[in-house]
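Biologist: Can you walk me through this one? I'd like to start with the charged pairs and then jump around.

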Amino acid sequence: MLVLVHALGGWALWQVLPGLSGAALAGLLVALGLHAAHARALLRAAGSMRALEVGEDDRVELSMRDGRLTHGRASARRHVCRYWVALSLGAPARRAVLVTADMLEPAAFRRLRLWALWGEAARVVPAQRAS
């Protein structure tokens with residue numbers, strides 16, 4: 001979908017600016033779409049997130065594809081719905097994180113949604129645990 005949107009943008013650019021320069025700019029826009037899909041949508045870049053761990057005081061630690069660990073504090077502005085959770089991380093990570101429902105097991109995604117909504121992880125009372 002990301003490549004298709006960039007290709008449509010390239011086509012529109014070529015329609016506005018016909019000729020060799022328009023075709024070159026359209027090609028660059030399509031190449032940008034391919035790069036964005038590879039790096040962002042397919043999570044193939046070295047800086048792509050592989051794991052997210054929520055800690056105390058809204059601290060979030062991210063494990064990257066290349067093995068680096070980075071952390072940041074989740075801002076109070078979080079977007080949560082049934083299908084995804086979007087977090088904005090402050091310094092030093094300074095990035096946005098989008099986690100969709102199919103990225104986690106249902107129970108783990110539910111815990112993440114509860115944490116994002118209420119600011120603390122769901123806890124299980126020992127008496128409620130199945131023996």
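Predicted model: local features only at pLDDT ≥ 70, side-chain atom pairs only at ≥ 80, totals over all residues.

Biologist: OK. How many salt bridges does the structure hold?

Modeller: Two. A salt bridge here is a side-chain nitrogen of Lys or Arg within 4 Å of a carboxyl oxygen of Asp or Glu. D58 pairs with R78, with the closest N and O atoms 3.1 Å apart. That pair links distant parts of the chain, 20 residues apart. D58 sits in the loop between strand 1 (49–54) and strand 2 (59–64). R78 sits in the loop between strand 3 (69–74) and strand 4 (79–80). Helices (H or I, at least four residues) and strands (E, at least two) are DSSP runs, numbered from the N terminus.

Biologist: And which side chain does D66 meet in a salt bridge?

Modeller: R68, at 2.9 Å from N to O.

Biologist: Back to R78. Buried or exposed?

Modeller: R78 counts as buried, because its relative accessibility is 15%. Buried means under 20% relative accessible area, exposed over 50%, and partly exposed in between (1.4 Å probe, protein chains only).

Biologist: Which backbone oxygen lies 3.5 Å from a polar atom of the R78 side chain?

Modeller: The one of W115. The R78 side chain also reaches the backbone oxygen of A116 at 3.5 Å. Contact means heavy atoms within 4.5 Å. Not counting residues up to four places away in sequence, R78 touches D58, A86, L87, W115, A116 and G119.

Biologist: New topic. Where is G47 found?

Modeller: G47 is in the loop between helix 2 (20–41) and strand 1. It is partly exposed, with 27% relative accessibility. Leaving out residues up to four places away in sequence, G47 touches M64, R68 and R95. So R68 turns up again here. The C-alpha atoms of G47 and R68 are separated by 8.2 Å, and the two residues are 21 apart along the chain.

Biologist: What about the strands? How do strand 2 and strand 3 pair?

Modeller: In the antiparallel sense, over five bridges. Two strands pair if DSSP finds at least two bridges between them. R59 has R73 in strand 3 as its bridge partner. Four residues lie between the strands of this hairpin, and G67 takes a positive phi near 95 degrees.

Biologist: How many bridges join strand 3 to strand 5?

Modeller: Two, and those strands run antiparallel. G72 stands opposite P92 in strand 5. Strand 5 (residues 84–92) is also joined to strand 6 (residues 95–100) by six bridges, again antiparallel. There, W84 stands opposite T100. That hairpin has two residues between the strands, and R94 takes a positive phi near 45 degrees.

Biologist: T100, then. Which side chain joins that of T100 in a polar contact of 2.6 Å?

Modeller: That of D102. A polar contact is a pair of N or O atoms within 3.5 Å; within protein, one must be able to donate a hydrogen and the other to accept it, and residues adjacent in sequence count only if both atoms are side-chain atoms. D102 lies in the loop between strand 6 and helix 3 (106–118). It is exposed, at 69% relative accessibility.

Biologist: Now the start of the chain. Where is H6, and what does it touch?

Modeller: H6 lies in helix 1. It is buried, with a relative accessible area of 17%. Not counting residues up to four places away in sequence, H6 touches L29, V30, L32 and G33.

Biologist: And M1, buried or exposed?

Modeller: M1 is exposed, at 77% relative accessibility. Its place is in the segment before helix 1 (2–16).

Biologist: Which residues form the nonpolar patch on the surface?

Modeller: M1, L4, V5 and L8, with about 460 Å² of accessible area together. Patches are made of residues with over 30% relative accessible area and no salt bridge: like charges are joined within 9 Å, nonpolar side chains (Val, Leu, Ile, Met, Phe, Trp, Tyr) within 5 Å. Accessible areas come from the Shrake-Rupley method with a 1.4 Å probe; for residues, only the protein chains shown count as cover.

Notes
Residues numbered from 1 in each chain as written. Heavy atoms only, no water.
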